[in-house]
Amino acid sequence: MPLLLDLLGVFFFGVSGALLAARRGFDIIGSLLLAGLTGIGGGIVRDVILSEIPTAFVNPYYFIPPILATLLVFFVAPGVQRLMRPLLIFDAAGLALFCTSGTIMALDAGMNPFAATLLGVTSAVGGGLLRDVVANKTPSIFDPRDLYAVPAMLGAGLMAGLWVMGVQGWVWELAVASVVFVLRVLSLKFRWHVPKAVGPWHQDTELR
Amino acid sequence: MPLLLDLLGVFFFGVSGALLAARRGFDIIGSLLLAGLTGIGGGIVRDVILSEIPTAFVNPYYFIPPILATLLVFFVAPGVQRLMRPLLIFDAAGLALFCTSGTIMALDAGMNPFAATLLGVTSAVGGGLLRDVVANKTPSIFDPRDLYAVPAMLGAGLMAGLWVMGVQGWVWELAVASVVFVLRVLSLKFRWHVPKAVGPWHQDTELR
Amino acid sequence: MPLLLDLLGVFFFGVSGALLAARRGFDIIGSLLLAGLTGIGGGIVRDVILSEIPTAFVNPYYFIPPILATLLVFFVAPGVQRLMRPLLIFDAAGLALFCTSGTIMALDAGMNPFAATLLGVTSAVGGGLLRDVVANKTPSIFDPRDLYAVPAMLGAGLMAGLWVMGVQGWVWELAVASVVFVLRVLSLKFRWHVPKAVGPWHQDTELR
């Protein structure tokens, strides 16, 4: 069951990667590569930090979700102008599943709860960050109009807290992931946001 | 001999990095760093995934090709406006050599043929991807006008297939690399390409 | 004391990340993430290459400097239009401390002086490179108007040279770091630079 949840996360992130590839006019192989990088990237970063050979390279099942994601987008993607919303929804689902599974894997590998929370957040935001960086889009984690890392931080912290209290199992993982998903989607819909990097007293005209 | 082929791949990728540095107006130290990142980057990613200390950090010979590449570009580069074609040719040569050597190294490290093929592709496209990402160019692997990852996938798959059948040796490695190089260059010349990420029935006006 | 110097480097790089986040209009969580990536990123790359679990994930102290950096920028940052100079100064301080500590850690891990110098440079420029790449800014190491990697290379080389001669200790580390910092700042002020990637005889109109 944990494997299944992880593969599902890879699939969701994979779809978001294939949708961005579609939006950018990449070809179907570029779509497969971006789906793979998005889906597997966060887990690779996580496993590399844990000094383990990445699961995706040990277990060939991990290659199926990106292929399915690419085909799904090829055959049933909406028109190019309407790709942004589904991209964000699939990305939110990947984020939710990875922040919980990443935290659990880090705890199982012997990390302290604090570092495990951070690694959970890293594996959750890592895939999407790699996707956006290689496709030359400003990463979603830096978009000040909604919450992206905050739900992942809450989810990873909650997961680590439950683990410390001895509460474990995939049902809890799924429950926490659902909370993260709902928070992320609500923040998109209602434009929840946090303050800017500089206090309001200092903001002069915006520079980029 | 395998070491020599690997160093040759580092050199070819290094020249592509130095040429991109020239095109972007970087200085000679930036050229050296980009040549090094391009030449050694794919191998570092490969070795990090294999949980090994990167060869380039163990064997000082690996620093010579990027230095030679930087000097070559400094002294004999064509005018800045004519850098794109040589960049692509040298990049193709690096791609060809790295997809075969990366696959072999992964197989030697005990990976299954499927994962080894993927790691071969990763080390082949990794250096060029890092080069393009840090120099803020849309990565070649996502250019829909020709084939980039496809020849590398074919080469890595072929190499893994030969290895499974017990056929080994640097002559075969060189032969497969030559096929990859020729395929890549022909795809550039004749604009061979694969379908877009979204099926043709859905493509409305292009967005970026 | 070495830990304190390392944490100070994380703080300086963290401030540079938070300042770039401010300049780009990111929110305070994006500021924290960019401060963390910049401060800890170079060390993570260093430790991953050394095949060790990154220090920052073992030692929770490493999370304090990015938090302090984010708060400092939030409360006392100058107006957005005047962020570039402090960004470069804090970045220079991080660069100086990391090129010395990275070299020492690589030597302590058993690398040869040459590879240790390279890893010192990698960990010094890595954090800033990650910062600039994810925030979509041309990396400082490629700016041809001043010297960025050169002071780090000199510092790392000097540190390795002292180590080979048996001269060790944090006083020396701090002395070398000071030299690197001064060199970097002087190169900014007086626009010291090295030749372009292509010899002057070949430079036609500039392309990007």
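**Close-up views of a predicted model**

**View 1. The interface of chain A with chain B.** Chain A and chain B together bury about 3,200 Å², with 68% of that area on carbon and sulfur atoms. The values come from a predicted model. Chain A brings 35 residues to the contact, and chain B brings 38. Asp27(A), Phe57(A) and Phe74(A) provide 21% of the area that chain A buries against chain B, more than any other three residues. The number of salt bridges between chain A and chain B is zero.

**View 2. The interface of chain C with chain A.** Here 35 residues of chain C meet 38 residues of chain A. Chain C and chain A bury about 3,200 Å² between them, and carbon and sulfur atoms carry 68% of it. Of the area that chain C buries against chain A, 21% comes from Asp27(C), Phe57(C) and Phe74(C), more than from any other three residues. Zero salt bridges are counted between chain C and chain A.

**View 3. Helices α5 and α6 of chain C.** Helix α5 spans residues 84-108 of chain C, and helix α6 spans residues 113-134. Their axes come within 7 Å and cross at roughly 150°. Angles over 145 degrees count as roughly antiparallel, so α5(C) runs roughly antiparallel to α6(C). The crossing of α5(C) past α6(C) is right-handed.

**View 4. Residues between α5(C) and α6(C).** On α5(C), the contact residues include Leu87(C), Leu95(C), Phe98(C), Cys99(C) and Gly102(C). On α6(C), they include Pro113(C), Leu119(C), Gly120(C), Val125(C) and Arg131(C). By class, this contact of α5(C) with α6(C) holds 11 nonpolar, six polar and two charged residues.

Definitions and conventions. Residues numbered from 1 in each chain as written. Chains lettered and ligands numbered in written order. Predicted model: local features only at pLDDT ≥ 70, side-chain atom pairs only at ≥ 80, totals over all residues. Heavy atoms only, no water. Axes fitted to C-alpha atoms, helices over the stretch in contact; angles between N-to-C directions. Helix = DSSP H or I, 4+ residues; strand = E, 2+ residues; numbered from the N terminus. Parallel < 35°, antiparallel > 145°, perpendicular 65-115°, else oblique. Left-handed = near helix turned anticlockwise from the far one by under 90°. Contact = heavy atoms within 4.5 Å. Nonpolar A, V, L, I, M, F, W, Y, C, P; charged D, E, K, R; others polar. Buried area = accessible area lost by both parts, 1.4 Å probe. Salt bridge = Lys/Arg side-chain N within 4 Å of Asp/Glu carboxyl O.
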